[in-house]
Amino acid sequence: MRSIIFEEIKNFVINRTVVAVLLIIAFSFSFIAVNITLTDFIYASNEQSAAEESYGDKTFYKITFIGEDEVINRLSSDEYKENIKNLYDSLKTSPLFDYNCTFKDSMLFYNADDTEYSSDDFPPHKKECLFGYEEGDADFYTSDDMLYLKAVYVSQGFEKEQHIELSSGSWFKTEDFNVSSPDNIVLPVLLGSAYKDICKTGDKIENAHPAVSKAVTLSVIGFLKENSYFYDNNNEKTILNRYMIIPNWDIGYDYVLNNQSYDSFFSDTYNIFNKIVNARIICSNENADAASEMFYKMLNDNKLYEFSLINETSGMRQYLSSLEGRTVSCGIIAVFMILLSVVMFCFQVYYNIRKNRKKYGIYMISGITFKQLFVLMIANALTIFILSDMLLCILNFSLNNGMILDFGTNDYTITVLFIIETLLSLFMAFFGLYKLKKMNLCTLLRENE
Amino acid sequence: MSLLSLENITKSYDKKTLVLKKFNLSVDSGEMVAITGKSGSGKSTVLNIISGIESADNGRYIFKGNDMLELSGDKMTVFRRENIGFVLQHFALIENNTVFKNIALPLYLKHEPKKVIKEKVVAIAKELEIDKKLDKIPKQLSGGEAQRAAIARAIINQPSLILADEPTGALDEDTGLKIMRIFRKLNKKGHTFIIVTHDPGIAAMCDRTIKIKDGKNI
């Protein structure tokens with residue numbers, strides 16, 4: 001039987017090269033279109049569900065400002081210090097919206113005694129912070145005398161996020177978000193589930209500021225459940241297994257220290273200017289316009305005209321809508337191409353049976369069973385699909401390597417292609433058998449006589 | 001000993017055109033029987049019913065004691081493969097395949113081992129004097145050689161019965177006679193033949209002749 005199948009395939013490819021090549025090209029390009037559509041569809045669906053999870057039924061605004069370095073310098077200067085602080089206070093107390101400043105950053109660990117020491121000199125629990133970077137994030141570890149840990153600085157109410165839950169310990173209290181003195185700071189922290197083997201609730205992790213050598217103690221007050229996640233201020237899904245969660249605290253003292261040094265340890269989170277530009281304003285959809293109006297009134301009141309609001313949710317909606325549009329366009333092209341290929345394929349099946357009626361008649365008088373005939377027909381179809389898939393792979397590899405087009409192949413798209421190919425192969429086999437059964441064997445044998 | 005018998009076989013197409021009307025036929029093992037009649041008389045339909053390509057509307061068809069009208073689908077196909085060889089007017093060879101592959105076709109379908117296939121094909125090709133043509137394709141053969149290749153394919157499974165539908169119809173007289181001599185030689189070795197022909201000369205070379213007219217025995 002293998003010999004007969006081989007002959008069939010050889011005859012098809014050699015004697016009907018043009019048809020074979022056309023079919024293979026048609027299917028390859030159809031499959032590319034299907035691939036692109038499915039990849040877009042999966043991406044759009046993921047974005048859609050992420051947006052739904054992240055935004056829910058609320059409107060999110062992001063605060064931004066017009067201008068570059070000189071604007072930053074001016075807005076963060078002493079001249080504007082009071083205005084910025086007023087704006088910050090107004091944002092935090094507005095009844096129309098929630099102020100949220102939760103963002104990812106690194107927690108830097110320094111050796112309190114000597115910043116020139118290598119990482120070998122760090123106390124063991126600090127070195128274990130590297131544990132957090134085992135999964136491809138080692139590039140964060142850029143210096144021998146500093147250790148970095150993935151951290152999330154959170155606003156109050158972080159525990160209200162949908163997918164965050166504690167496995168042990170307790171949430172931050174309101175007072176945890178205020179630091180009244182730069183001396184002997186004790187900050188409560190929550191750890192991701194991956195740190196359970198290294199630390200326990202009540203552990204103290206010592207840190208120090210490199211410039212002023214002030215001690216900072218991080219006190220572990222609990223652990224998050226495995227795979228807790230949230231969407232950060234850039235709307236990126238962040239799984240917190242390997243993160244340290246730190247309150248995004250306010251200070252009750254001047255961050256420009258007596259010796260005029262700038263306390264950079266806290267600056268990223270401590271500086272009010274940073275807290276504004278990293279913040280989100282969250283309100284109900286009905287209050288969106290009023291919240292925006294109120295925000296601009298606050299800007300006017302404080303003469304901070306450089307700031308503005310970006311409506312994240314409407315931007316995301318536009319983006320999702322464009323993704324959807326692109327997916328639909330690709331889908332239409334894919335359907336059209338698949339239809340075109342299937343029409344060609346059906347014509348080929350029909351033509352093949354008509355042209356080879358005599359041969360099939362000979363097979364039948366020689367005692368071919370319907371099962372064998374079925375296998376023969378399937379083999380014919382599979383030849384086309386295997387060659388199409390090979391061309392598809394070559395094209396994907398070449399285009400992707402040339403950075404021209406990556407139409408993406410994943411388990412999902414491969415499954416769909418496999419289903420299409422199987423259905424068409426079965427169709428070809430059943431259609432062929434049906435046609436042959438309907439024909440009189442004598443007619444088949446007398447073909448071309 | 002009776003190999004097959006058809007009793008009161010009736011066959012119609014579209015329930016209108018009655019092709020066979022209570023047709024009877026009995027063939028013994030080792031016989032060489034000719035069926036003659038004019039075009040459209042129902043000769044080929046008789047062959048189709050015997051081979052199981054078509055089934056009768058009424059009557060009985062017994063082959064080696066089995067009721068053949070009860071067989072269908074793949075059972076009939078396997079019966080055909082094991083018991084019947086076909087020789088047709090226009091040889092019915094696959095054009096792109098070599099003579100070897102054409103002859104070996106029934107063996108491929110039976111999943112015979114390669115070595116066995118080769119032995120059997122070469123032996124039968126030698127017997128029919130086409131062993132030097134095994135690597136040729138049908139287009140490169142003369143009519144006689146092509147028909148011998150078809151005969152080789154028909155008998156490679158050692159079937160009980162060989163059905164020949166106008167086997168000499170596409171050949172010149174001399175070649176036709178050579179083919180009939182081959183049939184006779186095979187017949188003497190025990191193969192049973194039913195030959196459909198409209199040529200009285202060919203019919204005369206058989207053991208007996210069944211005449212058919214308008215679907216009836218005459």
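The points below go from the interface to the interior.

1. The model is predicted, and the interface should be read with that in mind. The contact draws 25 residues from chain A and 26 residues from chain B, and the area buried between the two chains is about 2,300 Å², with carbon and sulfur atoms giving 59% of that area. On the chain A side, A:Ile362, A:Ile365 and A:Ser366 lose the most area to chain B, together accounting for 22% of what that side buries.

2. As for polar interactions, the count between chain A and chain B is 0 salt bridges, while 3 residue pairs are in polar contact, both residues of each pair being at pLDDT 80 or more.

3. The elements of chain A that give two or more residues to the side touching chain B are helix H1 (2–15), helix H10 (357–365), helix H11 (370–401) and helix H13 (441–445). H10(A) provides the largest share, 6 residues, and by class this side of chain A has 11 nonpolar, 8 polar and 6 charged residues.

4. The largest nonpolar core has 112 residues, and those with the most contacts inside it are A:Phe345, B:Leu4, B:Leu6, B:Leu25, B:Ile50, B:Phe183 and B:Ile194. H11(A) gives the largest share of this core, 9 residues.

5. Leaving aside neighbours within four places in sequence, B:Leu6 is in contact with B:Phe23, B:Asn24, B:Leu25, B:Val46, B:Ile49, B:Ile50, B:Arg60 and B:Tyr61.

How values were computed. Residues are numbered from 1 along each chain as its sequence is written. Chains are lettered from A and ligands numbered from 1 in the order in which they are written. This is a predicted model: local features need pLDDT of at least 70, side-chain atom pairs count only at pLDDT 80 or more; totals for chains, interfaces and linings use all residues. Side-chain values use heavy atoms; hydrogens and water are left out. Contact means heavy atoms within 4.5 Å. Buried area is the accessible area (1.4 Å probe) that two parts lose on being put together, summed over both. A salt bridge is a side-chain nitrogen of Lys or Arg within 4 Å of a carboxyl oxygen of Asp or Glu. A polar contact is a pair of N or O atoms within 3.5 Å; within protein, one must be able to donate a hydrogen and the other to accept it, and residues adjacent in sequence count only if both atoms are side-chain atoms. Helices (H or I, at least four residues) and strands (E, at least two) are DSSP runs, numbered from the N terminus. Ala, Val, Leu, Ile, Met, Phe, Trp, Tyr, Cys and Pro count as nonpolar, Asp, Glu, Lys and Arg as charged, and the others, Gly among them, as polar. A nonpolar core is a set of buried Ala, Val, Leu, Ile, Met, Phe, Trp, Tyr and Cys residues joined through side-chain atoms within 4.5 Å. Buried means under 20% relative accessible area, exposed over 50%, partly exposed in between (1.4 Å probe, protein chains only).
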